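Trainee: Hey, could you walk me through this one? I'd like to go feature by feature.

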Amino acid sequence: MTIEDDVRRTLHSPAGAPDAWPDPVRRIEAGIRRRRRERRQLAALAVVAIAVLLTPVVVWVGSPGQGASGPADNDTAPGIVPYLDRTVAAPTYFARNDPRPTKRPCQGEDFGAGEDGPNPLWGDDEPLATTPNPGTEVRQSALINSRRGECTLSGSAKLRGTDPVTGQSVMLSANAGTSIDGGIKLYPATIANQPAQIDIVTATSCRAGTPYRDVELVFADRAYPVPWLIVSPGCAIHIGDWYSLPQFVNVPLEASIDAPATVHRGETLRYSVTLLNSMGMTPELDPCPVYKQSLATTTQWMQLNCVLRRLPAHTPVTFQMQLPVPADAPLGRTKLEWIVVFSSGQVRYASEDTNGATVEILE
Amino acid sequence: MARWEAPDAFAEFVRDRHSELLRFAYALTADRHLAEDLVQDALERTGLAWRRVRRQDDVEGYARRVITNQFLNRLRKLRRERLVDDLPDLAVAAHESADDSTWRALAQLPPAQRAAVVARYYLDLTEAQAADLLGCSVGTVKSNTFRALAKLRARLAPTPEGTR
């Protein structure tokens, strides 16, 4: 029997698989009702907060005879809103859960087993699709499970490996503490049952040549294997600081991407994002929200076309989008990601269930 | 606000396919509790997006993509989610059946490799179909599958019937 046959047979007859649910429809209905309830409560809080903040303005701006939920004169929904070619600076404020306060420094005893066994570190064999500089790769390593309560990982880490020529264990030369990839990260990383992450940037040429063996990340008085990292003598390495990802606060809004499956280098990717004010609670588009669109190495912050002052309740509105694909964009499948940021700092990822839309970049 | 009730077509989909989705999620995660959570989450999201999803040819494929995506991105997604305190220990049995050994070896694969193996050998997808499910390139599917099978060969002893 081949390994493939063995795997196929095992996967199709696993002991311990969950039993069918006795009343699956009711179970899912209950879950959906709970989500809708939570969204209403969150949106209601947001409305109250906005109302409190804007009350003096509403008194002056509101016109008699117009209900609170009625459309303004320029609120006719055309259904499709054309693309607005206006770049903006990245917003500086994002509403998020309060970051965890700094705790005692983490030590090796704090880290529980990882997904693959005793190593608490976890990393991807494949680098991130977007990198800060051409010719480099960014690999993220994540650390989970603090066993002894909250602790804080601050600063960077070191790399150690076995030299392929001498067989000696050596510390690898690296620029440490570099802020990599921008993005929204919290430093330092206070963890307890949530991951801390660290980014390691290497030149793509690091994969050439005979690599170091048994590469380890050294921090918190221990060393942990990083088998997904391939580095060879002489290659440039940058290790960031430990960080955790902030928990954004979502705006009550549904957003979905509709994009073509392929685009050619040098072309403009034309796609659309449909926004739905499903609960009737989406804040007004004044101030006009901004959005970030990204595909492979291209990231842009843009102004949403706010021809509508508000999204009409229960009516989808489709916004046309364009994103230029550079002539040297990396070929292959990648994710088109889109996130809108309201002036309140609340955000919404489009097609969050599938992490955006998959687009293949062709020659 | 009206109480949400499942449209007939969605209810039928849930009744007919939830158990298969549970088996798929279990093959993917090797953890029955996580599998149930992922399927519950995916079906709720599918129900909420039903008006859009139902227009697609492959609703079950959509649900599988949600399950897979949620599984692979657990450490990166910006969600209010608590991870378990301890991962379940893998009990060491004195004498395991061949199936148990293979299942344990599969469970110890990195998530991306396990997902590739499940896509190729549980769902029997082509490399291109697997790439679509996993949101990656065909090359990545190939390399993850290759590495996974190499690890499995190294961990599992040859069977009396033949070589691996």
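This is a predicted model: local features need pLDDT of at least 70, side-chain atom pairs count only at pLDDT 80 or more; totals for chains, interfaces and linings use all residues.

Trainee: What actually holds strands together in a sheet?

Mentor: Strands pair through backbone hydrogen bonds, and they can do that in a parallel or an antiparallel way.

Trainee: OK, next sheet. What is the order of strands in the antiparallel open one?

Mentor: In chain A you'll find S6-S5-S10-S11, four strands with antiparallel pairing. Strand S6 (169-171) and strand S11 (222-225) of chain A have a single partner strand each, so one side of each has no neighbour in the sheet. From one strand to the next, the twist averages 30°.

Trainee: How many bridges are there between S10(A) and S11(A)?

Mentor: Four, with the strands running antiparallel. Glu216(A), for instance, has Pro225(A) in S11(A) as its bridge partner.

Trainee: Is Asp214(A) buried or exposed?

Mentor: Exposed, because its relative accessibility is 57% and the cut-off for exposed is over 50%.

Trainee: Let's switch to the hairpin. Which strands form it?

Mentor: S16(A) and S17(A), with two residues between them. Ala296(A) sits in the turn and has a positive phi of about 55°. The two strands pair in the antiparallel sense over six bridges, and Gln293(A) has Gln300(A) in S17(A) as its bridge partner.

Trainee: How many residues of S17(A) are buried?

Mentor: Five of the six, so strand S17 (residues 298-303) of chain A is largely enclosed by the rest of the structure.

Trainee: While we're in that area, where is Pro287(A)?

Mentor: In the loop between strand S15 (268-276) and S16 of chain A. Check the peptide bond from Asp286(A) to Pro287(A): it is cis, with omega near 5°. Most peptide bonds are trans.

Trainee: Time for chain B. How many helices and strands does it have?

Mentor: Eight helices and zero strands. Buried residues make up 54% of its 164 residues. Among contacts in chain B between residues at least 6 apart in sequence, 60% join residues at least 24 apart.

Trainee: At what angle do H1(B) and H6(B) pack?

Mentor: About 140°, with their axes 8 Å apart. H1(B) and H6(B) are therefore oblique to each other, because an angle has to be over 145 degrees to count as roughly antiparallel.

Trainee: Which residues meet there?

Mentor: From H1(B) you have Phe24(B), Ala27(B), Leu28(B) and Thr29(B), and they meet Arg114(B), Ala115(B) and Val118(B) in H6(B). Those contact residues divide into five nonpolar, one polar and one charged.

Trainee: Last topic: which residues touch the most other members of the largest nonpolar core?

Mentor: Val7(A), Leu11(A), Phe10(B), Phe13(B), Ile67(B) and Leu152(B), in a core of 61 residues. H1(B) gives the largest share of this core, eleven residues.

Trainee: What is Val7(A) in contact with?

Mentor: Leaving aside neighbours within four places in sequence, its contacts are Thr102(B), Leu106(B), Val117(B), Tyr121(B), Leu149(B) and Leu152(B). There's also a second, separate core of 33 residues, which includes Tyr83(A), Leu253(A), Ala357(A) and Val359(A).

Definitions and conventions. Residues are numbered from 1 along each chain as its sequence is written. Chains are lettered from A and ligands numbered from 1 in the order in which they are written. Side-chain values use heavy atoms; hydrogens and water are left out. Two strands pair if DSSP finds at least two bridges between them. Axes are lines fitted to C-alpha atoms, for helices over the stretch in contact, and angles run from 0 to 180 degrees between N-to-C directions. Buried means under 20% relative accessible area, exposed over 50%, partly exposed in between (1.4 Å probe, protein chains only). Angles under 35 degrees count as roughly parallel, over 145 as roughly antiparallel, 65 to 115 as roughly perpendicular and the rest as oblique. Contact means heavy atoms within 4.5 Å. Ala, Val, Leu, Ile, Met, Phe, Trp, Tyr, Cys and Pro count as nonpolar, Asp, Glu, Lys and Arg as charged, and the others, Gly among them, as polar. A nonpolar core is a set of buried Ala, Val, Leu, Ile, Met, Phe, Trp, Tyr and Cys residues joined through side-chain atoms within 4.5 Å.
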